[in-house]
Structures are given as structure tokens and as C-alpha cells.
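User: Hey, can you walk me through this one? I'd like the big picture and then some details.

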Amino acid sequence: MKKFESSLRNGDYVILSTEPGGILIATGVVVDMSCSRISVSLSKRLRLPGSSRTSQAQDLHQQLWRIHKDEFMGSFAIMRFNLIQLFLQNEQSSHLRKMIVDLEVPRFDSGCQFSQDPAISYIWSEKNLNDDQRRAILKILTAKDYALILGMPGTGKTSTMVYAVKALLMRGSSILLTSYTNSAVDNLLLKLKAQGIDFIRIGRYEVVHEEVRENCLSMMDTHGLEEIKQRIEQSKVVAVTCLGITSPLLSNKRFDVYIMDEAGQTTLPGKFTIQVSLGPLTFASKFVLVGDHYQLPPLVQSAEARENGMAVSLFCRLSEAHPQAICTLQSQYRMCAAIMELSNALIYGHRLRCGSSQVEKAKIKYTALPSGPTWIKEALNPDRPVVFINTDLLLAFETNDRKAVNNPMEANIIAEIVRRLLSRGILEEDIGIITPYNSQADLIRQSVSTSVEIHTIDKYQGRDKDCILLSFVRSSENPRNYVSSLLGDWHRINVALTRAKKKLIMVGSCITLSSVPLLKLLIEKVEEQGGILSVSKKDIHKPELKRCSNLR
Ligand SMILES: Nc1ncnc2c1ncn2[C@@H]1O[C@H](COP(=O)(O)OP(=O)(O)OP(=O)(O)O)[C@@H](O)[C@H]1O
């Protein structure tokens with residue numbers, strides 16, 4: 001039977017309107033789809049305007065319906081609601097206005113550190129924390145209004161949040177946890193679960209991580225709304241996405257502390273991050289923001305919105321006004337020294353350091369002997385953690401097809417390296433491929449016939465792998481005329497350079513990329529490390545050269 005073709009999927013939020021006329025009648029969620037039927041679960045009973053009680057069922061059946069995916073309407077309504085909450089005349093909103101609109105100085109309890117507080121004693125004695133992390137949690141424990149935790153890549157932001165929750169629970173505090181995306185919320189919850197901390201997860205069952213689903217309210221054996229509300233009331237830790245905060249289950253619920261992980265913000269229409277973050281702020285007496293504004297900030301396309309401050313996250317706004325509210329995590333446990341050096345030189349002004357000598361010296365380990373041409377052996381050499389394969393001698397130019405930009409030769413080189421890594425015993429799950437462009441990710445997917453993960457750089461924020469392959473794509477016959485807003489954004493370059501633990505292999509055109517100042521600096525840095533490998537036409541099989549030039 002022919003498949004029903006639609007961009008709608010189970011779990012999508014939709015808007016139901018009448019046709020013709022386009023009158024919005026209801027909103028709901030797609031719960032089932034077949035080739036001839038779509039089932040939508042609605043938040044309230046469906047009624048046509050002006051329809052009488054007697055003819056209601058018949059009118060509904062006769063009506064022609066239009067179903068739209070609800071990409072923005074729900075979010076806009078929530079943001080409007082959040083803004084209104086901020087301007088309410090009550091103590092909570094007034095305090096919040098003082099903090100985030102008037103930028104009043106945040107207060108910290110200085111005597112508290114020396115008291116007999118069990119939470120503070122616990123943090124001093126917890127061996128799994130480093131000094132930065134301890135200081136960060138003490139900042140949270142002593143904050144009266146808010147605390148800001150700036151965590152560079154791999155510095156244990158999530159781990160720090162977990163121990164902060166543990167310490168706050170010792171004080172009997174109730175805690176609301178949020179992030180922008182479901183995966184970021186669940187990432188934190190998985191770590192809480194591993195520490196035996198109980199919590200309630202609010203969210204649609206289908207989008208919640210399977211290991212967290214048993215903590216979802218919908219999965220709990222409860223009898224009616226009252227019992228559910230009671231469970232939430234009794235629960236000390238509740239987790240939800242920033243947009244999920246409007247759940248009626250949370251109405252009237254208040255928490256002592258609200259912790260928000262700002263790091264996963266880019267996958268949302270980020271223009272309104274402040275308005276989105278506002279919602280949960282009104283639920284607690286003090287808040288903690290955890291983030292890294294050196295990674296990708298809100299994506300704002302409108303110049304007017306940018307000029308009016310829409311691209312500034314709440315974290316950035318508060319940290320610039322009150323640097324004393326920030327505690328920085330600088331010891332990272334992800335990248336070996338050579339990989340860390342790149343972002344240290346380009347972005348972090350050498351403030352990032354390796355958390356242990358094990359991390360610093362980590363090398364990729366092969367189980368099989370090296371094989372293949374010299375350039376591949378050099379690219380895979382474990383003693384070269386950072387390699388840049390320069391394609392200039394190949395004249396491997398990009399293709400531009402209806403705004404989709406890709407580079408077949410780079411895709412081919414990446415596929416060859418992946419084959420060699422796998423044949424030398426590296427596991428598929430330890431390799432990741434990233435690129436700035438969706439179209440290049442698609443092309444690489446066609447060339448790499450394994451289940452190795454291939455994503456855009458933006459989608460890879462918050463993730464890591466032992467070995468990362470990065471295809472820059474841009475290679476122009478006229479490098480002087482080359483402009484790329486995607487590669488010109490230093491936050492994106494930072495994310496790309498901080499995903500690999502032991503081996504980072506980049507593929508690109510040195511000449512073209514050098515027209516972007518930051519990338520020029522990157523190439524110089526890799527050169528200092530002896531990591532530039534130039535590939536020429538004699539290094540690539542003739543049929544491959546021909547196939548790639550045919551694709552152009
Ligand atoms: N004090 C510590 N000692 C040793 N290892 C640690 C410490 N803190 C964190 N780690 C390890 O560092 C790694 C990264 O930690 P985590 O995922 O919490 O970092 P993150 O800052 O949230 O990462 P991201 O940059 O993806 O946001 C994990 O493997 C974690 O176990």
C-alpha cells in the first residue's frame with residue numbers, strides 16, 4: 001500500500017483549522033498515522049464556532065480540516081505568557097525584575113561557608129569533584145538570588161549540576177531542572193539516576209529517553225489528577241524543558257532553586273532565549289544558570305532583532321553585568337593536550353587546562369597494523385592527535401547547487417579514512433563525522449556505508465567521540481571572493497574543535513579557509529604542531545578522482 005507522504009510525525013504538535021477560511025479551532029498532538037488516517041489528541045473537546053449542540057457531531061464530520069505542524073505558535077504563546085509573568089505585581093516577579101531587568105547586584109551569603117551546613121561539609125569531602133567544581137557548588141549554595149556557572153567544554157558542567165542537586169537535597173531544598181532540549185534534560189537525569197537521586201520528569205513519553213521514562217508522570221501508576229499533583233508536590237526534584245514549563249501540572253508549584261543548563265540552546269529557534277528562559281525563573285526563589293557563551297549562542301537572523309539585544313543570552317547579560325556572580329570551570333576531561341591547545345589558542349586565551357595527565361596524554365589505540373598509502377598512515381598516526389588534510393593540490397572545489405553546498409572530494413577522503421579507522425579496530429561508536437552543512441552531511445552519508453554518526457556541527461554541540469572527522473567543505477576557485485557566514489562564526493568553529501577526545505582529523509582547503517581570520521589562525525596552529533598533510537592527485541585512485549569531478 002502506498003505510504004502516506006507528509007512531514008508530520010507521531011508526537012508532533014499540530015494546529016487544526018477549518019478549510020476554507022483557515023479559522024483556528026484547536027491544537028493537539030499527532031498520536032497515530034497510517035496511509036489513510038491521522039489521529040490527533042486534542043487538549044479540549046472539538047467544537048466548531050456557532051455549531052449547535054444537536055448538530056455538533058455531524059458538523060464536525062462534514063467539515064474539511066487542515067492540519068498544520070505547530071512549529072512556533074505554542075512557543076510564541078509561552079514566551080508571551082512568560083513576559084506577562086515578569087510584569088505581574090507580586091513579590092516574586094518584582095524580585096525577578098530587579099535582578100534581570102534592572103541588573104541589581106546579586107547577593108551571596110558570606111558567613112555560610114564556615115557554618116555547620118551539612119551540604120557544605122559534603123561538598124568539601126566529595127572526592128569526585130575538583131577544586132573549580134567545589135567552588136561552583138559553594139557559589140550555588142551561598143547564592144541568595146542567582147549564581148552563574150561558566151563551564152568550558154568537557155569541564156564537568158553536568159557532573160557539577162548533579163553534585164549541586166545532591167548538596168541542595170541535603171538542605172531539604174526543592175529543585176526545578178530545565179534545559180532547552182529534551183536530550184539535554186535527559187542527559188542530566190541519567191547522571192542523577194546513576195547517583196540514586198529520585199525525580200519526576202514532565203514531558204511527552206515519546207520524546208523522553210527510554211531510561212528516564214519510568215520517571216515520567218504518564219508512566220506512573222496513578223489514579224487521577226489530584227494524585228499526580230500530590231506526587232509532584234511531594235517530589236523534591238522535577239525536570240522539564242523550558243517550553244514544557246507551562247504544563248498545568250506545575251501550576252502553583254514553587255521550588256527553592258531553579259537550575260538551568262543553557263548549553264543546549266541552539267536547536268530551538270533561539271531568537272527568544274531570554275523569553276523562553278524567563279518562564280521557569282518565576283517558579284523559584286533563586287536560580288542557577290550553567291552555560292558556556294563561547295559555544296553557539298542564540299541564532300538570530302534578523303539584524304534588527306540582533307541590534308536590539310535578542311542574540312544575547314540571559315547568561316551573557318548577567319555575567320557581563322556582574323562577573324562576581326560567575327564561577328568558572330577550567331579543568332576539562334575530554335580533549336588530549338594537542339586538541340585542547342587549538343581552542344585554547346583560538347578562543348579561551350589558554351585558560352582551559354587538562355583535568356588529569358591521563359586526559360592530557362590520551363592517544364587513539366589501534367588493534368591492527370597500519371596499511372594503505374603514506375598519507376593515510378600519517379593521517380592515522382596516533383602520535384599526531386591533530387591533522388589537517390589540505391586538498392589544495394587536488395583542486396577539490398565545492399559545488400553549489402540551489403543553495404546546497406557540498407564537496408564530493410572531501411566526502412570521499414572522509415569515507416576512505418573511516419574505512420581505514422574501522423579496519424584498524426576503531427569501533428563505529430568511537431567515530432563521529434561533522435561538517436557545517438546539511439548537504440555535506442547527506443553526501444558523506446552516501447559515501448560512508450556504516451552506522452558511524454554524521455551530523456552538522458550545530459547538532460553535535462554537547463557531544464564527543466574519541467575520533468572526530470571534520471569536513472570544512474568550502475573550497476573556491478576564487479578564494480578572495482569567498483564569504484561564508486557559517487564558517488565565519490567563531491562559536492561554531494569552537495564547537496567543532498572541542499568534540500574530539502583523542503584524534504581530530506580535519507579536511508579542507510588551506511587557501512580558501514585562510515580568508516577567514518580565525519581559520520587562518522587555526523591552520524597556523526596545526527602547522528606549528530606539524531599536523532598539515534597535503535594530498536595530491538597521485539594519492540587518490542583515478543576512478544575516485546573522476547567520480548568526484550563528475551559530481552561537480
Ligand atoms: N572532577 C572530575 N574528575 C574526573 N573526571 C571528571 C570530573 N568531572 C567530570 N569528569 C568527567 O568529564 C567528562 C565530561 O563531564 P560532563 O559531561 O559533566 O561535562 P560537560 O561540561 O557537561 O560537557 P559538555 O562540554 O558536553 O557540556 C565525563 O566523562 C565526566 O565523568
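Predicted model: local features only at pLDDT ≥ 70, side-chain atom pairs only at ≥ 80, totals over all residues.

User: Let's look at helix 5 and helix 6. At what angle do their axes cross?

Analyst: Roughly 45°, with the axes of helix 5 (residues 131–142) and helix 6 (residues 157–170) coming within 10 Å. So helix 5 is oblique to helix 6. The crossing is right-handed.

User: Which residues in helix 5 and helix 6 meet?

Analyst: From helix 5 you get Gln133, Ala136, Ile137, Ile140 and Leu141, and they meet Thr160, Tyr163, Ala164, Ala167 and Leu168 of helix 6. Eight residues of that contact are nonpolar, two are polar and none is charged.

User: New topic: where does Thr155 lie?

Analyst: Thr155 sits in the loop between strand 5 (146–151) and helix 6.

User: Is Thr155 buried or exposed?

Analyst: Thr155 is buried, because its relative accessible area is 0%, and buried means under 20%.

User: And what is Thr155 in contact with, leaving aside its neighbours within four places in sequence?

Analyst: Gln133, Leu329, Gln330, Ser331, Gln332 and Leu352 are its contacts then. Gln133 also turned up above, on the helix 5 side of the contact with helix 6.

User: What lies 2.5 Å from a polar atom of the Thr155 side chain?

Analyst: That's the backbone oxygen of Met152.

Key
Residues numbered from 1 in each chain as written. Heavy atoms only, no water. Axes fitted to C-alpha atoms, helices over the stretch in contact; angles between N-to-C directions. Helix = DSSP H or I, 4+ residues; strand = E, 2+ residues; numbered from the N terminus. Parallel < 35°, antiparallel > 145°, perpendicular 65-115°, else oblique. Left-handed = near helix turned anticlockwise from the far one by under 90°. Contact = heavy atoms within 4.5 Å. Nonpolar A, V, L, I, M, F, W, Y, C, P; charged D, E, K, R; others polar. Buried < 20%, exposed > 50% of the residue type's maximum accessible area, 1.4 Å probe, protein only. Polar contact = N/O pair within 3.5 Å; in protein donor to acceptor, adjacent residues only side chain to side chain.
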